[in-house]
Structure formats: structure tokens, C-alpha cells
Amino acid sequence: MKTLLEFVKAGFKQRIIYRSSTLWGLVASTLTLFLQIRLWQVLLSSAILQDDRTLTDMVAFLVINALLASLTRCDAAGTLASLIGDGSISCSLTRPISLKKQVVCEQIGVNLHFVLFTVLLPAAVAIVIYGIQLPDVSYGLLFAFSALLGAVILFEIQYILGMVAFFLTTVWFASFYVSGFMKLFGATAIPLWYYPDWLANVCYCLPFRYITYEPILIFLEDAPNPLQTIGIQLLWIGALLFLEQLVWRRAERKLVVQGG
Amino acid sequence: MVQIIAENLVKEYQVPDRDPGLRGAVKALFHPRYRGITAIDHINFSIEKGEIVGYIGPNGAGKSTTLKMLSGILYPTAGSVTVNGLVPYRDRKRNARQIGVVFGNRSQLYWDLPVIDSYQLNRRLYDIPDAIYRENLAYFTEIFDLGDLLNQPVRLLSLGQKMRATIAGAMLHSPEILFLDEPTIGLDVTSKLKIRDFIRQINQKSGTTVILTSHDMGDIESLCERIILIDEGKKKYDGPVLEFENTFGGNYSISFKAVSARPSQFPEGLTLREDNAPYYVVTGNEKQVRLSDAISVINQLGIEELEMKNQTLEEIINEYFG
């Protein structure tokens, strides 16, 4: 455990040393959040959306989405692609720890830095300004657990895509696809309750909505059956872990270290 | 005690075969072509505990590929390899605990963090007991002059400083075996000497087995009694450096200034270069005319100055590979 914490710390420290990046990140995330809130304010007050959702609901969705998205941010595919692309994977593989643990722990450190220094402040301001209600303890705990499982699902998807780099050397397209699928099927840009039924049904068959959207519903105490959500998340994790093992067994034999 | 064994080791790759230019790149997109490369071709060797072995050959010979298979990074296509009884690619993590690995063109240290942070991570990663960590850190700090560097981010270090810090990091857990892939590449003479001293000391102090690849024959001559020479994935020579020099080398040259007339009457096997009279150069080979005999012959001519030069290992290897 202490070893894993060292990797988390390494990921965190690698980000915290760049002060101006931290500052500009804070400015960008504040602008993004408040522009999104303003956009939804306009949409909800217009006749475009006929819905009983209030602005507070939408702000809660946006704030929790921003927090979860930054906590579950994962570029395992990019990290693996870069390690394989420049050959530095040979250094990672000389350590007595699995490659996956190194990548995930460093990513947690990076995400913690991002949440603490970039997203937490504007999120807290929005919560206070718009009077967002926090869920009760039981929903709060279910939300936290579900959010954690959501992060695992995203990591697994990214990691499996990243391993494609063992076969193709590069996976520059992976983050493009994951980000697109997250927005469309994961409902991170527009809540699923505004989707047409057929598209919402498609989303039910894919893992992306279980990354941030379903945990947010639990936070809003709007999930019909939070335990069922968590059960489905666990099933997805099981399936993705199985797929990851299949890919890894083939990938590690395929490794070519670039640049000698 | 035999510590490292490679038997019929083979590593094959498939590499893209593209025509040059933009046209070639577009063509490869629709009709990709691949060709097989045999990086390692049925190599056999065994290495005893405590040996320092120079693993040498031209670029692309397969040196780094072999070290990566010994480290558990790459799977062999065929054959077997064991390191201290472990099969590296099957038991990568356990193998990683007993070896230290340094790749000269890459660093294990975190680029943005102070050197000491990477060492702290290694301390946890390898479960290094506090006393051993402190002792090793003190030893490496002294031998590599790391004192002022420990708190500096790695990106601010010079190439030589970074390499010293990297080697120290790879040795903090006191591994029994050390794989060094071009550890002196691009370094100045002082840094090279420090690294050579360190390898010698660690080998004498702890009996660490070392496999060293280097293009600097100074590294090999000063550290290794044995070399394994490979070319195009095949083993060409495996044995003592001296024997290699005697078998494939032995060329010498003697420069001298003749006092009187043009020298003549040289025994067969010696060649005279006389384009700069009265300065002459005689070249020969130990296997045909011994150096001492050649000097005796030249001494009889009446000479003023004499300088002799034996063929270096580097020259022998350059000649060997044409």
C-alpha cells in the first residue's frame, strides 16, 4: 500500500511543481463551469426545453459532473501510448510492480491535484451561490462508492484501448473516441433525461453512462434503484477486467521497445 | 555458480516495410507490408556469479534486446533464459527485485521531481530496510558526488549527473545482478571514469554480477575480463578479452627515425612505410613477427627515436567487423 501511495504522491508532485499551469487550469475550469451554468440558465428559461427540472438541478448536475470528471479523469491510453511510443516502457517494466498499478496510481495523484487546485474552488462557489443540497449520509455513501466504480470503469476502458498500442505502437485516436463516447453515451455534456428514448436505450447497453451520469443521479437522490446501479457497475467492471486480461496476455508478447 | 543462462535464445520482430516519402506513407496505409527481423539468432551463454561481462557488437547487433529479455521486458520468440533460477519474462516482478537495470538512453528517475523523490519511491518499491537504504544512499552519494544533486529536479541535471544518479537509483536495493546498457554514452572522460570506478568497486565489494554493453572499448578493457561479441543477432565470440586480442588482433606499428641510410633487409611479415624519410613506420603482427624481434631488427639500423603502438581492442573490433 505504501508503494502505491508513493506512485500517487509522484503523480501529484509532478503536477504541483508547475504553478502557472495550476493557475491557468483554475481560470479555465472556472470559466467552463460558469459558462455552462449560464448556457443552461438561458435554455431553461426559454421555451426550448419543456421540463420540470430547475436550474438548481442542472447546476448540481454540472458541478458534480465537473468534480467527478476531474476525479475520474484518466488518460491511461495516452500514457501507455507515450510509454510505448518512445520506448520508456522498458523503464516501467523493470520495476517490481505491475504496469497497471503504476499507471493508475500516478493518475490518481494527477487527478487529486486537478480536483484540489483546479475544480474544487469554482465547484464550492457554485454550490454556495446556487444553494445545492447535499444528499443524506446513506445516499452520500452510495454516491461515493458508485463514483469510485465509475472511475474504475473509465480506467479499464482507457487501459484496454491503451494496450492496443502494443500492437499498433500508437493510439492517438483512443482519447478522441473515449472523449466522444463519454459525451454522447455517457451524457456528460447533456443529461440523459433530455435524450430521445432510442438513444437513451442505446446508452443503457454501454458502460459509459455508469462512469459519471449514474453516480450523479444517486447524488441528486434521483436514481430509482441505486443498488441496482452499483450492481450493473460491478458487472461492467468484471467484464472489462476479463477483457483486459485477454488483451494483456497477447499484448505483453507483442511488445517492441522503440528506439533500442 | 552459474547465475545467468541463455539457451538457443531467439527474438524475432515484424517491422513495417515502407517506401520512402509521402507516397510511400500513403501506400503503406492501404497496403501495409511487413518483414521479419531476427534480432537475436540462437544465442547461448552462461555467466558466473561475480563476473563482469562485456556484451559488445555494432549498432543493431541485438545487445539491448538481449538485456531486455534478461530483464523480463521482452518475451523471447524461442529458447530459454534464466536469471538466478527465475525465468524473467514469466516472473518479471520477482526478477526485477534481484536485478538493477540501467538503459543509457533513458532514465528511471522522474523527470520533474528531485532525485531523492525517485529514491524514496524505490525504497518503498523494493522494500529496502531503512538501515540498508541509508547505508547505500550514503555510499552512492559519496562515490558519485550526489550531495548537491539529490534535491534537484532530474530535468536540471547534466547528462553525466543524470547517469550517475540513475545508476545509484538502480543499485539502492543492492541487486545481485546489474545490467548496464551503454551507461557511459555521451559522457565526458571524468564521468566515464567515475562510473567505471563504481562498477569495479561494487563488483569487488558485493560480488555483483555485471553485464555491460558499451561502444566505448575503454569501458570494456578497463572492466571486463570476458566479452561476448554479437553481430546481426549471432554470437561471434565468447571468451577472455586477452584471448580475443591475441586471436584477432596483434597488429602493431613502430615509428622511428633512421640515423643513416634507408633501412632494408626486413624479415618477412614486416611492412615498411617510407613516405616521410628519415621517419619510418614499420607495421607487423605478433603472430608473424613478435614485437620484440621487430624492435631488435630496427635497433640494429641505428635509430634516434622510437615509438611503438599496439592495436587497441577498439581497432581490433573495427577491423573484425570490417
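A crossing of two helices is left-handed if the near helix is turned anticlockwise from the far one by less than a right angle, and right-handed if clockwise. Keep that in mind for this tour.

The model is predicted: local features need pLDDT of at least 70, side-chain atom pairs count only at pLDDT 80 or more, and totals for chains, interfaces and linings use all residues. Residues are numbered from 1 along each chain as its sequence is written, chains are lettered from A in the order in which they are written, and side-chain values use heavy atoms, without hydrogens and water.

**Stop 1: the two chains.** Colour chains A and B. In contact (heavy atoms within 4.5 Å) are 31 residues of chain A and 28 residues of chain B. About 2,800 Å² is buried between them, and carbon and sulfur atoms give 58% of that. Buried area is the accessible area (1.4 Å probe) that two parts lose on being put together, summed over both.

**Stop 2: a helix pair.** Select α1(A), residues 2-16, and α4(B), residues 115-125. Helices are DSSP runs (H or I, at least four residues), numbered from the N terminus. Their axes, lines fitted to C-alpha atoms over the stretch in contact, come within 8 Å and cross at roughly 160 degrees. That makes α1(A) roughly antiparallel (over 145 degrees) to α4(B). The crossing is left-handed.

**Stop 3: a salt bridge.** Show the side chains of Glu6(A) and Arg124(B). They form a salt bridge, 3.8 Å from N to O. The term needs a side-chain nitrogen of Lys or Arg within 4 Å of a carboxyl oxygen of Asp or Glu. Between chain A and chain B the count is 2.

Conventions
Axes fitted to C-alpha atoms, helices over the stretch in contact; angles between N-to-C directions. Helix = DSSP H or I, 4+ residues; strand = E, 2+ residues; numbered from the N terminus. Parallel < 35°, antiparallel > 145°, perpendicular 65-115°, else oblique.
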